[in-house]
Amino acid sequence: MTTVKDLVTTEYKSLSAEQTTSQALKELKSSKDLVVVLQDGEYKGVVTAEQVSRHEVTDQGQKIKAVYKSAPKVAIDTELPEALRLLY
């Protein structure tokens, strides 16, 4: 069975939860990108271009911590159906 390890990459972009949505948009080059959100060096979740764009229209100085989605940590040996259940 396919596991998370078969599909993920260890290369990713990250931003501090204290950075602004404008800064996040610069990192999110396509609508399929996502950025890992860190606070004090600890994983907090992810943010997508779609999430940022919705908030960017009304408040360009808004902090990422106001818009990111908390996403669970998933072990690399987790089978894909279980990982999808946890994430959605």
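This report describes the fold, nonpolar core and surface of a predicted protein model.

## Basis of the model

Local features of this predicted model require pLDDT of at least 70 and side-chain atom pairs pLDDT 80 or more, whereas totals for chains, interfaces and linings use all residues. Residues are numbered from 1 along each chain as its sequence is written, and side-chain values use heavy atoms, with hydrogens and water left out.

## Fold

The protein contains three helices and three strands, assigned as DSSP runs (helices H or I, at least four residues; strands E, at least two) and numbered from the N terminus. Their order along the sequence is β-α-β-β-α-α. The C-alpha atoms occupy a box of roughly 45 × 25 × 20 Å along the principal axes.

Among contacts (heavy atoms within 4.5 Å) with a separation of 6 or more, 50% join residues 24 or more positions apart.

## Nonpolar core

Of the 88 residues, 27% are buried, that is, under 20% relative accessible area with a 1.4 Å probe, counting protein chains only. The largest nonpolar core has 11 residues, including Leu 15, Ala 17, Val 37 and Ile 64; such a core is a set of buried Ala, Val, Leu, Ile, Met, Phe, Trp, Tyr and Cys residues joined through side-chain atoms within 4.5 Å. Strand 2 (34-39) and helix 2 (49-56) are the elements that each give two or more residues to this core.

Leaving aside residues up to four places away in sequence, Ala 17 touches Val 37, Leu 38, Gln 39, Lys 63, Ile 64 and Lys 65.

## Surface and charge

The accessible surface comes to about 6200 Å², with 50% belonging to carbon and sulfur atoms, by the Shrake-Rupley method with a 1.4 Å probe. There are 12 positive and 13 negative side chains, and the centres of the two sets lie 3 Å apart. Lys and Arg count as positive and Asp and Glu as negative, with His and the chain ends not counted; charges are placed at NZ of Lys, CZ of Arg, CG of Asp or CD of Glu.

Methods: Buried means under 20% relative accessible area, exposed over 50%, partly exposed in between (1.4 Å probe, protein chains only).
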